[in-house]
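The following paragraphs lead through selected features of a protein model. Please keep the sequence and the coordinates at hand.

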Amino acid sequence: MGDTALEAVLRRDRAVVAAALVVIAVLAWAYVLWLAADMVMPVPGSAGDDMTEIDMSNMGGMDMGATVAPGFRAWASADFAFIFTMWAVMMVGMMTPSVAPMLLLYAGVGRKARADGRPIASTGWFFAGYLTVWVVFSIVATAAQWLLAHLALLNPSMATDSAVLGGLVLIAAGLYQWTPMKGVCLRQCQAPIAFLASHGGFRSAPLGALRLGIDHGVYCLGCCWALMALLFVGGVMNVLWIAGIAALVLLEKTVPTRQLIPRVSGALMAAVGAWLVFQAL
């Protein structure tokens, strides 16, 4: 196969993967927008069996105009499943754009390897491993949301009512942006080729590719978990807040500024958090 023909095949393969990623991200965001428009959230605490019903249609603009039924109840197993699904789909929508460069690189190399007679496992196995990490994170996030609701620290919009707690979360997230751990994880996410070189390259076996995707997902989680905690500050179903965090994650990973973006954003988070705590005291 000539170089020109091979380049055309590589471009086509990457285009297919890119189109699939766009569809996945769009579907995930459509689900999040649908939930935000008409959300029902269980909040434990007071007597009665009614569910707290919230009209979330204005939450994108931080409008707290929610219609709340008089009564709350503890979460049932179906509620845990519902909230977990919400978190998992939201993570797919937020993180798929930022991992796209890695997946496109994988797809291009995979096509070339097959053309050279040295096939590697499909991109889907790597992506599945990456998403597995965020699914596990979604379980933890669901448990954290249940705990905060159980302690009456969340309002029906799924944001903290406590200025002190919100400020402390902002300060913690801001300080984490400056830590060596953040820097190590971010470098692995910013440089896909360096990540592959440091982890033994591509895998021919599906399970190997799955494990490689999990490794990349762990670095991504190490880079972004503190930012995801900010969802409890601005509202888990605040669409603009979700989009803002997703945009920050994407900028950190794709704009070649090394540590500049996380450090500037971290300083701003810590400053706003300190201001909130000071105002509350």
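Which residues make a nonpolar surface patch of about 300 Å²? In this predicted model, local features need pLDDT of at least 70 and side-chain atom pairs pLDDT 80 or more, while totals for chains, interfaces and linings use all residues. Residues are numbered from 1 along each chain as its sequence is written, and side-chain values use heavy atoms, without hydrogens or water. The patch is made by Val164, Leu168 and Leu281. Areas follow the Shrake-Rupley method with a 1.4 Å probe, and for residues only the protein chains shown count as cover.

Leu281 lies in the segment after α10 (260-280); helices are DSSP runs of H or I with at least four residues, numbered from the N terminus. Because its relative accessible area is 77%, Leu281 counts as exposed (over 50%; buried is under 20%, partly exposed in between).

Helix α7 comprises 24 residues (206-229) and should span 34 Å, which agrees with the 32 Å between its end C-alpha atoms; the expected span is 1.5 Å times one less than the number of residues. At Cys223, α7 bends by about 45°, the angle between axes fitted to the seven residues ending there and the seven starting there.

His216 is in α7 and is buried, because its relative accessible area is 3%. Not counting residues up to four places away in sequence, His216 touches residues including Phe126 and Phe195, contact meaning heavy atoms within 4.5 Å.

Key
Patches are made of residues with over 30% relative accessible area and no salt bridge: like charges are joined within 9 Å, nonpolar side chains (Val, Leu, Ile, Met, Phe, Trp, Tyr) within 5 Å. A salt bridge is a side-chain nitrogen of Lys or Arg within 4 Å of a carboxyl oxygen of Asp or Glu. Helices (H or I, at least four residues) and strands (E, at least two) are DSSP runs, numbered from the N terminus. Buried means under 20% relative accessible area, exposed over 50%, partly exposed in between (1.4 Å probe, protein chains only).
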